[in-house]
Amino acid sequence: MTNRLPAGGRESRRPRSAELYERACRVIPGGVSSPVRAFRAVGGTPLFIARGAGAQVFDADGRAYLDFVGSWGPLIAGHAHPAVIASVSEALARGMTYGAPCAAEVELAERVVAAYPCAEQVRFVSSGTEAVMSAIRVARAFTGRELIVKFAGCYHGHADHLLVAAGSGLATFGRPSSAGVPEAFTACTRVLPLDDEGAVAELFAREGARIAAVIIEPVPANHGLLPQRRAYLSALRDLTHQYGALLIFDEVISGFRLSRGGAAERLGIAPDLATFGKVIGGGMPVGAFGGARVVMARLAPDGDTYQAGTLSGNPVAMTAGLATLDLLARESGWERLEDCGAELERLLAPVLAEAPFPLHLVRVGSLFWLSFHEAGAPRTAAPLTADETARFAALFHAMLDRGIYLPPSAYEACFLSLAHRSAELTQLAQALREALATIA
Ligand code: PMP
């Protein structure tokens, strides 16, 4: 399966996608339902996907691509896995939503509680954004404090108070990084750089009594992949304990991906609250947050902290999550994904060594990122230069022309699934070798 397209005239080779994009732009802002899909960082017209199967997606023009986006993380079993589809089809036949409790949500909650280090109770929502928003609300209610600490480069969804850019170096007062967010909404958000426990200690020394929670992606994967030192995450754990603040791990990407117990299990560090999304919904719109019973008890109806959702705990979505977790357990999924990642590293090493410019592979389990930073892969949210970004855009299109679908931004991580086997990894390495040669 190779899709070599002649240089130039890309759009004309994908007329159906081009036509759909034109129609979409008339009725949907930017033509997309989520901004990064618009290809703005790489140029060109987004692929409109008609279907997926295993490790492949097929665009509206019938072209096949080996997919390393995986719908941005949920598809750990690959596209349209027969076991997941069978379970979901059965659930569908019993109705799509009841707005009342169902057995599947109890089962999935039991699964999360059994798997995740700090989770005694869990509540389901419909997206990662909602999970984080709700976890922060309950953390504030529980501690009776207002301030939230986040880290530059970590993304926690698009709730107003978390859409905050980094200040450089020292702690900064949160400044909204989106229009439409009043400064007052981010006045209780503090932003610190990653990888700097001194900055966290300093902030706690200054404002510790007001800090409700520190939230971090334990394996930051939204500004490239920025694995943190265990000692640093451990310092966050100690400082939050010391000052009576909660530590929230945002495991929307890492949860049920990096291991059964997410990054917390992998690192051996238990937070007070954790948020989930993506894998836990097996491709359906699901988020969840969980933690100690004493914290979660603050939620309505038992407690005073309101949180709700018409489609929360949706039976079809819960079933997709259960089927996915079953599959991972049955097929030694986490071990296989680790082996797959290790094989990817072996296959890409010689290709990267011969690249015409510095190119680094960063990998944690089934997450990987090609860092275009000339200076080497960073551990903090370092911006790419215009030249480095242009190289990524060229590589992205050269890969697309060879039938490889990478995330359309230099800052996005790539996802492996159980459907990626040696043949697919070899295909990726070969395409990368060719693509690098063409853009040299
Ligand atoms: N937290 C993290 C770590 C994420 O990566 C994302 C989305 N990529 C979110 C929260 C928000 O999730 P959603 O897009 O489902 O709202």
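## Ground rules

Since this is a predicted model, local features need pLDDT of at least 70 and side-chain atom pairs count only at pLDDT 80 or more, while totals for chains, interfaces and linings use all residues. Residues are numbered from 1 along each chain as its sequence is written, and side-chain values use heavy atoms, with hydrogens and water left out.

## Around the ligand

Which residues are around the ligand? They are S127, G128, T129, Y155, H156, G157, E217, N222, D250, V252, I253 and K278, where being near takes a heavy atom within 4 Å. Sorted by class, that shell has three nonpolar, six polar and three charged residues. In this scheme Ala, Val, Leu, Ile, Met, Phe, Trp, Tyr, Cys and Pro are nonpolar, Asp, Glu, Lys and Arg are charged, and the others, Gly among them, are polar.

Now for the polar contacts, meaning pairs of N or O atoms within 3.5 Å. The side chain of T129 puts an N or O atom 2.6 Å from an oxygen atom of the ligand. D250 has a polar side-chain atom 2.7 Å from a ligand nitrogen, and for K278 a side-chain N or O atom is 2.9 Å from a nitrogen atom of the ligand. On its own the ligand has 390 Å² of accessible area, and the protein covers 80% of that; such areas come from the Shrake-Rupley method with a 1.4 Å probe.

## Helix α13

Helices here are DSSP runs of H or I with at least four residues, and strands are runs of E with at least two, numbered from the N terminus. Helix α13 takes in residues 422-439, and its end C-alpha atoms are 26 Å apart, which agrees with the 26 Å that 18 residues should span at 1.5 Å a residue. The expected span is 1.5 Å times one less than the number of residues.

The buried residues of α13 are E424, L425, L428, A429, A431, L432, A435 and L436. Buried means under 20% relative accessible area, exposed over 50%, and partly exposed in between, using a 1.4 Å probe and protein chains only. Their cover includes β3, α11, β13, α12 and β14.

## Helix α7

Helix α7 (residues 230-243) has 14 residues and reaches 20 Å between its first and last C-alpha, close to the 20 Å expected. Buried in α7 are Y232, L233, A235, L236, R237, L239 and T240. The elements covering them include β5, α6, β8, β9 and α8. After α7 comes G244, with a positive phi near 70 degrees.

## Single residues worth a look

Is S17 buried or exposed? S17 counts as buried, because its relative accessibility is 1%. This residue of helix α1 is in contact with T45, P46, L47, F48, D59, A60 and D61, leaving aside neighbours within four places in sequence.

A80 is in the loop between β3 and α2 and is partly exposed at 45% relative accessibility. F256 sits in the loop between β9 and α8 and is buried at 3%. Finally, the peptide bond from A300 to P301 is cis, with omega near 15 degrees, and P301 lies in the loop between α9 and α10.

Terms used: Contact = heavy atoms within 4.5 Å. Polar contact = N/O pair within 3.5 Å; in protein donor to acceptor, adjacent residues only side chain to side chain.
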